[in-house]
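Hi,

Here is the structure for you to look through. My notes follow below.

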Amino acid sequence: HHLTATVVGRPAWTPGQCRIGGAMEFSNRGAFINCGAEPEFDFRDGMTLSAWIKVREFNKRSQAIVTKGDTGWRLQRLRESGMVEFCFNTAASGEGSEKHLVSVASKRKVDDGQWHHVLGLSDGHRAALYVDGEMEASADAKPIAQNTAPLMIGCNPPPSFGKRFEGWIDDVRLYGYGLGEAEVK
C-alpha cells in the first residue's frame, strides 16, 4: 500500500542476527517502529499477523511484538510467562451486544534465545496461534474491533509504552484475511 513507518529511538539494524536479510534489534529503553493508524490496518473480518522473533529478555508484562493497541489486536508476551499470545477485542454486533477478548496462547516458551516464527490469525469465525509452523491453540472468534491506535512494532501504543520488546524482530507480515493451514506451513 506504499505506507511509510517511522523508526523511533535507536533500534539497531543487525544483518548478522536475522532470519531473512536482516532484523531490527529492540531494547525496552525506547526503540520501536510506528506504522501509523492507517485504515488498511483495521482488519475486521479476518487477518494474519506473522513475525520472526528472538527474545533477549521477557522482563515486562505483556511485552509487545506487533500491536494495534489494547482495544484492537496484538501479538505479545502472554502476561508474565515465556509464551506468546495473539489476542483481539471483538466488535460489538449491534445494540446491547458487548465486545469481548479473544486470546490464543502458545503452550511452549519462546524466550529461549532462539529464533521462532509466531503467527496469529482470525478468519472471522476462528482464531489461531502458530509457533514454528505448529498450531498451539485455537478458539471461536467474531469480527475484530476497530480502533484509532497506530500499528506498532516492538511497542504498544499509549498508555502502554512500558511494554516494549527486548530482542530481535524480523520479517513482519500482515494479511487482510486468515491464512489457511497449508499457507501457514
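Accessible areas here come from the Shrake-Rupley method with a 1.4 Å probe; for residues, only the protein chains shown count as cover. On that basis the protein's accessible surface is about 8,800 Å². Carbon and sulfur atoms hold 48% of that surface.

Two points on the source. This is a predicted model, where local features need pLDDT of at least 70, side-chain atom pairs count only at pLDDT 80 or more, and totals for chains, interfaces and linings use all residues. Residues are numbered from 1 along each chain as its sequence is written, and side-chain values use heavy atoms, with hydrogens and water left out.

Now the overall picture. The C-alpha trace spans about 50 × 35 × 30 Å along its principal axes.

Next, the aromatic rings. Rings of Phe, Tyr and Trp (its six-membered ring) pair if their centres lie within 6.5 Å; planes under 30 degrees apart count as stacked, over 60 as edge-to-face and the rest as tilted. The count by this rule is three pairs. One of them joins phenylalanine 43 and tryptophan 73. This pair is tilted, at 6.1 Å centre to centre and 45 degrees between the planes. Phenylalanine 43 is buried at 10% relative accessibility. Tryptophan 73 is buried too, at 1%. Phenylalanine 86 and phenylalanine 88 form another tilted pair, with 5.6 Å between centres and 50 degrees between planes. Both phenylalanine 86 and phenylalanine 88 are buried.

Best wishes

Methods
Buried means under 20% relative accessible area, exposed over 50%, partly exposed in between (1.4 Å probe, protein chains only).
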